[in-house]
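Reader: I'm new to this one and would like to learn how to read it. Could you walk me through a few features?

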Amino acid sequence: MEFPYEKDNKERIPFEHYLNEYQKIDPKEAAERCGIEYDEEKQQFHVRLMGYPYLVDYPEFAVHKENEEEEGAFLLLDTVAAKISVLRFLISGQVVKSSGKYLTYREVPWGEVYFRQFEGRCLTRLKFAFGFKLDKFCEAMEKLGAKRLTLGDASYEFEYINGLHVRFILWTGDDEFPPASQILFEDNFPYAYQAEDLAVVGDISINTLKILAGK
């Protein structure tokens, strides 16, 4: 992957670090730990991100659509933050069975410490992106195949990455009150990601919705 501009150093340096760590993993152990399929013959992981299926090569970390003809918001192909998120999952993540409960960001370990950053980067962004456009929010979620819920004025549950689910909840705004939002994480998330990673999860999820809402 090429990073032609100096401003990309904030992404390039972490990406190179995690790529180096990825090349050291045992792919069969990682597949078992993360609950994903690994094709030993082709040396490829089968990864789903935001509902879209990918083939991820080992050890090069080249990313391909599983179905080249499928269209959609395939952020993992060219978005560095998405690549880092998947790398961190494969390097050290673990998928355990969820109890069915969902956690606010404050309830995840260290979430209280990073809450202000998460609030501005994800909660505020979500409510102003879709709080006055619930139809666009629902349209994008339906394209993802997300599960509609009955929370707030509009809410959906979707899979972020294999076996890890997120809920987005919106309350619409009007002339008197601003919109509001909530993001809930399945209670197995802390085994796969740290609190600071969840802002990236929110970013990638919102970016995907914005792309789908614009199509």
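Author: Happy to, and let's start with helix packing. Two packed helices are described by the angle between their axes and the distance between the axes. The axes are lines fitted to C-alpha atoms over the stretch in contact, and the angle runs from 0 to 180 degrees between N-to-C directions. Keep in mind that what you see is a predicted model.

Reader: Okay, what are the angle and the axis distance for α4 and α7?

Author: Their axes are 9 Å apart, and the packing angle is about 5 degrees. Angles under 35 degrees count as roughly parallel, so α4 and α7 are roughly parallel to each other. Where they meet, the α4 side includes Y114, F118, R121 and L126, and the α7 side includes L198, V200, I206 and L209.

Reader: And how do α2 and α3 cross?

Author: The axes of α2 and α3 come within 7 Å and cross at roughly 100 degrees. That makes α2 roughly perpendicular to α3, since 65 to 115 degrees is the range for that word. The meeting residues are A30, R33 and C34 from α2, with F89, L90, I91 and S92 from α3.

Reader: Let's stay with α2. Which of its residues are buried?

Author: Buried means under 20% relative accessible area. In α2, which covers residues 27-34, the buried ones are P27, A30, A31, R33 and C34. Look down the axis of α2 and these buried residues fall within an arc of 165 degrees, so they line one face of the helix. Their cover includes β1, β2 and α3.

Reader: What caps the N-terminal end of α2, and what comes just after the helix?

Author: D26 is the cap: one of its side-chain oxygens lies 3.0 Å from the backbone nitrogen of K28. Just after α2, G35 takes a positive phi of about 65 degrees.

Reader: Which residues of α5 are buried?

Author: For α5, residues 134-144, they are L134, F137, C138, A140, M141 and L144. Seen down the axis of α5, the buried residues fall within an arc of 165 degrees, so here too they line one face of the helix. They pack against several elements, among them β3, α4, β7 and α7. Just after α5 comes G145, with a positive phi of about 75 degrees.

Reader: Is M50 buried or exposed?

Author: M50 is buried, because its relative accessible area is 3% and the cut-off is 20%. Beyond its sequence neighbours within four places, M50 is in contact with L144, F158, E159, Y160, I204, S205 and T208.

Reader: Then where does W110 lie, and is W110 buried or exposed?

Author: W110 is in the loop between β5 and α4. Its phi is near 70 degrees, a positive value in a residue other than glycine. Exposed means over 50% relative accessible area, so W110, at 62%, counts as exposed.

Reader: How about a residue in a strand: what does S181 touch?

Author: S181 lies in strand β9. Leaving out residues up to four places away in sequence, S181 touches L123, L126, K127, I169, L170 and W171. With L123 you can look for a particular atom pair: a polar atom of the S181 side chain lies 2.7 Å from the backbone oxygen of L123. S181 counts as buried, because its relative accessibility is 13%.

Reader: Which peptide bond is cis?

Author: For that, look at omega along the backbone. The bond from Y58 to P59 is cis, with omega near 5 degrees. P59 sits in the loop between β3 and β4.

Reader: Last one: which residues does UniProt list for "domain: DUF3786"?

Author: The unreviewed UniProt entry lists residues 26-207 under that name. In this model that span is 38% helix and 25% strand, and its end C-alpha atoms lie 31 Å apart.

Note on methods: Residues are numbered from 1 along each chain as its sequence is written. This is a predicted model: local features need pLDDT of at least 70, side-chain atom pairs count only at pLDDT 80 or more; totals for chains, interfaces and linings use all residues. Side-chain values use heavy atoms; hydrogens and water are left out. UniProt positions are given in the numbering used here, feature names are shortened, and annotations may be inferred rather than shown by experiment. Helices (H or I, at least four residues) and strands (E, at least two) are DSSP runs, numbered from the N terminus. Buried means under 20% relative accessible area, exposed over 50%, partly exposed in between (1.4 Å probe, protein chains only). Contact means heavy atoms within 4.5 Å. The arc is that of the directions from the helix axis to the C-beta atoms. A polar contact is a pair of N or O atoms within 3.5 Å; within protein, one must be able to donate a hydrogen and the other to accept it, and residues adjacent in sequence count only if both atoms are side-chain atoms. Angles under 35 degrees count as roughly parallel, over 145 as roughly antiparallel, 65 to 115 as roughly perpendicular and the rest as oblique.
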